[in-house]
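These are my notebook entries on a structure that I had not examined before. I set down what I looked up, entry by entry.

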Amino acid sequence: MPTKTVKKATRKTARKPAKKATAKKTAKKTVRKKPAAKKGTTKKRVAKQCSCTLVCRPEECFWVNNGPVVDSIKNLKVAFKNMSKEQYEYHTTREGNDFARWIEDCFNDAPRASRVAKAKTPAGAARAVSTRCCK
C-alpha cells in the first residue's frame with residue numbers, strides 16, 4: 001500500500017519591524033517684544049462730543065406736562081430737580097418712559113436713556129442723567 005505523506009502546514013508570519021522610540025519635537029513659542037516707544041509720539045485720544053453739550057432743534061424739544069420746555073440734557077437735569085412727582089409719573093406711567101425715549105431719539109444716547117428709564121423718582125432720574133459728565 002502506498003503511504004500517504006502528510007504535509008505540515010507552516011505559517012509564515014510577517015514580522016513587523018520594532019518601532020524606534022523617537023523624541024517628539026515641540027515648537028518653541030517665540031515671544032516678540034514690542035519696540036520701545038519714542039518720546040513724544042504718543043497718540044492723542046479724540047474725545048467724542050458729549051450729549052450734555054448738545055441742544056436739540058426747536059421742533060424736537062421736550063414739553064414737560066404743566067412745566068418747562070426742555071431742549072438739552074443740562075436743562076432736563078434742572079427740570080428733574082424742580083419737577084413734582086405727579087409731573088414725573090405722567091411721563092413715565094402712560095406708554096413707557098417719555099424722558100428715556102426723548103434722550104434716545106434726540107441725542108442717540110442709549111446708555112443714558114436706559115438709566116433714566118430705570119429711575120423711579122425725579123431725583124433718581126436727575127442722578128441718572130448726570131452720571132456721565134454733565135459738568
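Before reading any helix pair, I noted how axes are treated: they are lines fitted to C-alpha atoms, for helices over the stretch in contact, and angles run from 0 to 180 degrees between N-to-C directions. I also noted that helices (H or I, at least four residues) and strands (E, at least two) are DSSP runs, numbered from the N terminus.

**Entry 1. Basis.** I am working with a predicted model, in which local features need pLDDT of at least 70 and side-chain atom pairs count only at pLDDT 80 or more, while totals for chains, interfaces and linings use all residues. Residues are numbered from 1 along each chain as its sequence is written, and side-chain values use heavy atoms, with hydrogens and water left out.

**Entry 2. The chain.** I found five helices and two strands, in the order β-β-α-α-α-α-α from the N terminus on. Of the 135 residues, 28% count as buried; buried means under 20% relative accessible area, exposed over 50%, and partly exposed in between (1.4 Å probe, protein chains only). Taking contact as heavy atoms within 4.5 Å, I recorded that residues 24 or more positions apart account for 49% of the contacts with a separation of 6 or more.

**Entry 3. H4 and H5.** How do the axes of H4 and H5 cross? They come within 8 Å and cross at roughly 165°. I noted their crossing as right-handed; a crossing is so called if the near helix is turned clockwise from the far one by less than a right angle, and left-handed if anticlockwise. Arg112, Arg115 and Val116 of H4 meet Ala125, Ala128 and Val129 of H5. By class, this contact has four nonpolar, no polar and two charged residues. Here Ala, Val, Leu, Ile, Met, Phe, Trp, Tyr, Cys and Pro count as nonpolar, Asp, Glu, Lys and Arg as charged, and the others, Gly among them, as polar.

**Entry 4. H1 and H5.** I next looked up H1 (residues 73-82) and H5 (residues 122-130), which pack at about 160° with axes 8 Å apart. This pair, too, is therefore roughly antiparallel, and the crossing of H1 and H5 is left-handed. H1 contributes Ile73, Leu76, Lys77, Phe80 and Lys81 to the contact, and H5 contributes Pro122, Ala125, Ala126, Val129 and Ser130.

Entry 5. Which residues of H1 are buried? They are Ile73, Leu76, Lys77, Ala79 and Phe80. Because they cover an arc of only 165° around the axis, they lie on the same side of H1; the arc is that of the directions from the helix axis to the C-beta atoms. Their cover includes strand S2 (69-70), H2 (85-93), H3 (98-107), H4 (110-118) and H5. The face turned away from the buried side carries the exposed Lys81 and Asn82.

**Entry 6. Two single residues.** Asparagine 82, in H1, is exposed, with a relative accessible area of 64%. Its C-alpha atom is separated by 8.5 Å from that of proline 122, 40 residues apart along the chain. Threonine 131 lies in the segment after H5 and, at 48% relative accessibility, counts as partly exposed. I recorded threonine 131 and arginine 112 as 19 residues apart in sequence and 8.1 Å apart in space, C-alpha to C-alpha.

Methods: Angles under 35 degrees count as roughly parallel, over 145 as roughly antiparallel, 65 to 115 as roughly perpendicular and the rest as oblique.
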